[in-house]
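Open the model in your viewer and keep the selection tool at hand.

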Amino acid sequence: MSTDTALRTSRGPVRRAERALAPDLARGAMLLIIALANVAGVVFAGEPGLDTTPEGADRALNFTLFELVHARGYPVFAVMFGYGLVQLARRQDASGATPKQVRSVLLRRNLWLVAFGFAHATLLYYGDFLGAYGIVGIVMTLVLLRRGDKFHRTALVLWALSAVEVLVIGAIVVSGIGGSGGSAPLPSSHVDSLAAPDYLASMLDRLGEWPMHTLTVLPFIVITWLGMWAARRRVLEEPARHKTLLKWTAVLGLGVAIAGGLPAALTGAGWLHVDESAAGLMMMLHGASGMFAGPGYVAVFGLIAMRVNRPGPVVGALSALGRRSLSGYLFQSVAWLVLLAPFTLALGDRFGSPTVTGLIIAVTVWLMTVSIARLLDKRDQAGPAEVVLRRLTYGPRA
């Protein structure tokens, strides 16, 4: 079947009335967490972004970033990506599209996400996730989408094994803290493109950094698979029916993430001193436990959505941004390049504490995207990036 025929026989993008509140609310709110995490990396030209010699308020900010932000935002979007893939396929199925046509739409969309990711990383920001989403989406479409419930329960087994891994690493970290001496900083990798002296040099650096970054985040297919499992049960479309599941997921998911992030948070704040080996294990624990924040945060927004009968201004604005999350994400990268790059305004080093300055900029940029999304929503207009992706996926009629 030709592409033109597939476009004519498969339906277009999701309509406003078909959207569930919880996924959009989660995406819009969690873009703030993404902004806070990314801006810290840009300011300190490292991953994760960290002031290794914090003083005063910076200590509390470092602590909060490691507990709630670093490695705890992207798992939310990974869960939502897997959830959205099932939703998209379900809508195509309901419209009468054949499995082949559904697969064609999903593959086309994910291939374009890879292209978006390459352009995003080359032009704006090395820490792109769009390319990895696209690659994972292709694998999920070809390997996981049409599997039965029994097969998809494998995702729960993998998460149980991950929980055991967190417990084991946590036990090793706790047992080693008492006998650890020294004052080694938490390990952080330098990012050349974020410290490049001019735009061309930064772009060349990003061309080398993006492939490796994409490869390192591909394992989050385990996280997206959980989103796919949840979507098959309509957990977020029918939160009242899954209230108990959402409560336990929120408590356990965020509990594991916060507990697992505590040693790194205390060390990053300068309140705990350990040697280099212990610091490395703490970061391993921090990353492994961070994936549990994904379902934890999503469950919280599912519970919130369950209590919202009619979205007010705040929920409405956050949901509007959630419906335009791709545009909001790309807007942030433009802002970091203009406001924080060494060869542009370089605001991070101009006003005392880089940590405080970066976080103020992150919140301001996020609030701008919320306001713009709300304005577009009132005009019933999609975000510009969403318009382009839909047109490329579904054709001119989108």
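This tour visits cavities, a pocket, a surface patch and salt bridges in a predicted model.

**Stop 1: the largest cavity**

Begin inside. A search of the whole structure turns up two cavities of 30 Å³ or more. The largest cavity holds about 120 Å³ of space.

Select Val 42, Leu 124, Leu 194, Leu 337 and Ala 341. Of the 15 residues that line the largest cavity, these lie nearest its centre. Now colour two helices, α9 (199-217) and α15 (325-340). Each of them supplies at least two residues of this lining. Which gives the most? That is α15, with four residues.

Colour the lining by class next. You will find 11 nonpolar residues, three polar and one charged around the largest cavity.

**Stop 2: the second largest cavity**

Move on to the other space. The second largest cavity has a volume of about 50 Å³. Select Ala 40, Phe 44, Leu 65, Thr 355 and Leu 359. They are the closest to the centre among the 13 residues that line the second largest cavity.

Then show three helices: α2 (21-44), α3 (57-69) and α16 (354-378). These are the elements that give two or more residues to the lining of the second largest cavity. By class, this lining has eight nonpolar residues, four polar and one charged.

**Stop 3: the second largest pocket**

About 510 Å³ of space lies in the second largest pocket. Select Trp 159, Leu 226, Leu 245, Thr 249 and Pro 295. Out of 25 lining residues, these are the closest to the centre of the second largest pocket.

Now bring up the helices around the pocket. α4 (74-94), α8 (154-177), α10 (221-232), α11 (243-268) and α13 (293-307) are the elements that give two or more residues to its lining. Which element provides the largest share of the lining of the second largest pocket? It is α11, with seven residues.

How does this lining divide by class? The second largest pocket has 23 nonpolar lining residues, two polar and no charged.

**Stop 4: a patch on the surface**

Switch to a surface view. Select Phe 118, Leu 200, Leu 204 and Leu 207. Together they form a nonpolar patch on the surface, with about 380 Å² of accessible area. Helix α9, seen at the first stop, gives the most to the patch, with three residues.

Click on Phe 118. This residue lies in helix α5, residues 99-123. Is Phe 118 buried, exposed or partly exposed? Its relative accessibility is 41%, so Phe 118 counts as partly exposed.

**Stop 5: Asp 24 and Arg 323**

Now look for charged pairs. The structure holds nine salt bridges. Select Asp 24 and Arg 323 for one of them. Their closest N and O atoms are 4.0 Å apart. Asp 24 is in helix α2, and Arg 323 is in the loop between α14 (313-322) and α15, so the pair ties together parts that are 299 residues apart in sequence.

Asp 24 has 2% relative accessibility and counts as buried. Arg 323 is buried too, with a relative accessible area of 14%.

**Stop 6: Glu 55 and Arg 59**

Select Glu 55 and Arg 59. They form a salt bridge, and the closest N and O atoms are 4.0 Å apart. Glu 55 is exposed, with 56% relative accessible area. Arg 59 is partly exposed, at 22% relative accessibility.

**Stop 7: Arg 90 and Glu 237**

Select Arg 90 and Glu 237. In this salt bridge the closest N and O atoms are 3.5 Å apart. Why does this pair tie together parts that are 147 residues apart in sequence? Because Arg 90 lies in helix α4 and Glu 237 in the loop between α10 and α11. Arg 90 is partly exposed, with a relative accessible area of 22%. Glu 237 also counts as partly exposed, at 27% relative accessibility.

**Last stop: a network**

Finish with one more selection: Asp 24, Arg 27, Arg 323, Arg 324 and Asp 377. Salt bridges that share partners join these residues into one network.

Methods: Residues are numbered from 1 along each chain as its sequence is written. This is a predicted model: local features need pLDDT of at least 70, side-chain atom pairs count only at pLDDT 80 or more; totals for chains, interfaces and linings use all residues. Side-chain values use heavy atoms; hydrogens and water are left out. On a 1 Å grid over the protein atoms alone, a cavity is a set of points where a 1.4 Å probe fits but cannot get out, and a pocket is an open set with protein on both sides within 12 Å along at least five of seven lines; lining residues have an atom within 4 Å of a point. Grid points are joined across faces, edges and corners, and a volume is the space filled by probe spheres set on the points. Ala, Val, Leu, Ile, Met, Phe, Trp, Tyr, Cys and Pro count as nonpolar, Asp, Glu, Lys and Arg as charged, and the others, Gly among them, as polar. Patches are made of residues with over 30% relative accessible area and no salt bridge: like charges are joined within 9 Å, nonpolar side chains (Val, Leu, Ile, Met, Phe, Trp, Tyr) within 5 Å. Accessible areas come from the Shrake-Rupley method with a 1.4 Å probe; for residues, only the protein chains shown count as cover. A salt bridge is a side-chain nitrogen of Lys or Arg within 4 Å of a carboxyl oxygen of Asp or Glu. Buried means under 20% relative accessible area, exposed over 50%, partly exposed in between (1.4 Å probe, protein chains only).
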